[in-house]
Amino acid sequence: MSKISQRVSTISPSMTLAMSAKAAELKAAGENVISFGVGEPDFITPAHIIQAAKDALDAGHTKYVAAAGLPALKKAVCKKFKQDNGLDYEPSQIIISNGAKHSIFNAVFATVDPGDEVIIPAPYWLTYPEVVKCCGGVPVYVYTTRQSGFKMTAAQLEEAVTPKTKMLIFNSPNNPTGAVYSEEEIRAIAAVCEKHDILVLADEIYEKLIYGGQKHFSIGTVSPKMKELTITVNGVSKSYAMTGWRLGYLAAAPEIAKAIASFQSHATSNVNTMTQYAAVAALEGPTGPMEEMVKAFAARRDRMMEMLDNMKPLGLDYVKPEGAFYVMLVCDKLYGKSFEGKVISGSMDMCEMLLAHAKVALTPGVCFGADDCVRLSYALSMEEMEEGLRRIEAFVKALK
Ligand SMILES: Cc1ncc(COP(=O)(O)O)c(C=O)c1O
């Protein structure tokens, strides 16, 4: 008899973490590796947020608090949803968890039964399918195209719906593509969900990281019915450079929030208390430092696109990213070419060879359901980014 449960044995380890580990190994061995694999802002948490955590400790806030979250933080989250997203929630509908990843797990675990289908537009953040599988659900992928800007259309969604469809996982701004859906596109998708009573897990973690003219639109605001169907997930990791603090949150219909609160009360209890005080300061404090961060990302995105445009004659392409801090570089025209006799047959080879020969770490698109691409993050300094892109260009030019 296997010691591992069937549920957990279906899960694959995170390939992005595996690539990062390889890059870190090379760096530790003294190699000058530039990493485009990073999934977190390269900024330090703003000082006023750090101070709030210190103040909480000094004030003796070192004990358990309510399992679903500190009342002051839930209130701050309600205010944020109202002001930024036009979503009206009661504090009892908010659950504070250990990162948005944990919120996503809770949301799926509380709603998806074995055999239920969960629709995931591809390319997708690699955690979604694993969470669904872990809960006994069946991931159903809807493959988007470069032509549609890596966005799923309402017609594609309609086609993927079956009597077993329970949920759609919807992520805008998107990791890994940087796609941001417009209000019109979201309304069309919502109409399909309303028609078939499909829950929507709206992962809005990159909400604040949008460049250019696009505006974030929350699918839960489409109608009262959509609000009932939507579980909106967000957190402080990306917007406030707080990845290591581990704090995410969700808002859901009362029945779902109550179920998640019960489950969390047994699984983890509350998120560590001083982090919750820090999150109140993040949500209610000055926005200046974060606006600076967004400006820096916007400048890097523009520079990256400029340099990638110059590489198009080499067979590389990309879809203009509107948000988050990632670009999917389409590189399948290079498959079949070789470097020192080794043929590139897919995105994993491409990344392994770039790491070995150009000392740049990228994430293979196969991790996200898109083997024709590799993902580049621009959460690294402008200088490193430029040097890394020059190395990629030199590698591609040397291919036979
Ligand atoms: C799309 C997406 N959702 C959620 C998360 C998780 O964020 P957190 O650090 O809050 O768990 C990430 C982190 O990479 C992400 O890319």
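Which backbone nitrogen does the side chain of Ser-347 reach at 3.4 Å? It is the backbone nitrogen of Gly-365. Before I continue, a word on the source. This is a predicted model, in which local features need pLDDT of at least 70 and side-chain atom pairs count only at pLDDT 80 or more, while totals for chains, interfaces and linings use all residues. Residues are numbered from 1 along each chain as its sequence is written, and side-chain values use heavy atoms, with hydrogens and water left out.

Let me stay with Ser-347. A polar atom of its side chain also lies 3.1 Å from the backbone nitrogen of Val-366. Ser-347 belongs to helix H13, residues 347–358; helices here are DSSP runs of H or I with at least four residues, strands are runs of E with at least two, and both are numbered from the N terminus. Because its relative accessibility is 0%, Ser-347 counts as buried. Buried means under 20% relative accessible area, exposed over 50%, and partly exposed in between, with a 1.4 Å probe and protein chains only. Leaving aside neighbours within four places in sequence, Ser-347 is in contact (heavy atoms within 4.5 Å) with several residues, among them Tyr-335, Pro-364 and Asp-371.

I turn now to the aromatic rings. The whole structure holds 16 aromatic pairs. Rings of Phe, Tyr and Trp (its six-membered ring) pair if their centres lie within 6.5 Å; planes under 30 degrees apart count as stacked, over 60 as edge-to-face, and the rest as tilted. Phe-109 and Phe-263 have ring centres 4.5 Å apart and planes at 40 degrees, so this pair is tilted. The pair links distant parts of the chain, with Phe-109 in helix H5 (residues 100–111) and Phe-263 in helix H10 (residues 254–267), 154 residues apart. Phe-109 counts as partly exposed because its relative accessibility is 38%, and Phe-263 counts as partly exposed at 24%. Trp-125 and Tyr-128 form an edge-to-face pair, 5.4 Å centre to centre with 85 degrees between the planes. Both Trp-125 and Tyr-128 are buried.

Finally, I come to the strands. An open sheet is formed by 4 strands in the order S9-S10-S15-S14, with antiparallel pairing. Two strands pair if DSSP finds at least two bridges between them. At the edges are strand S9 (317–318) and strand S14 (363–364), each pairing on one side only. S9 is joined to strand S10 (residues 326–330) by 2 bridges, and Tyr-318 stands opposite Leu-329 in S10.

How values were computed: A polar contact is a pair of N or O atoms within 3.5 Å; within protein, one must be able to donate a hydrogen and the other to accept it, and residues adjacent in sequence count only if both atoms are side-chain atoms.
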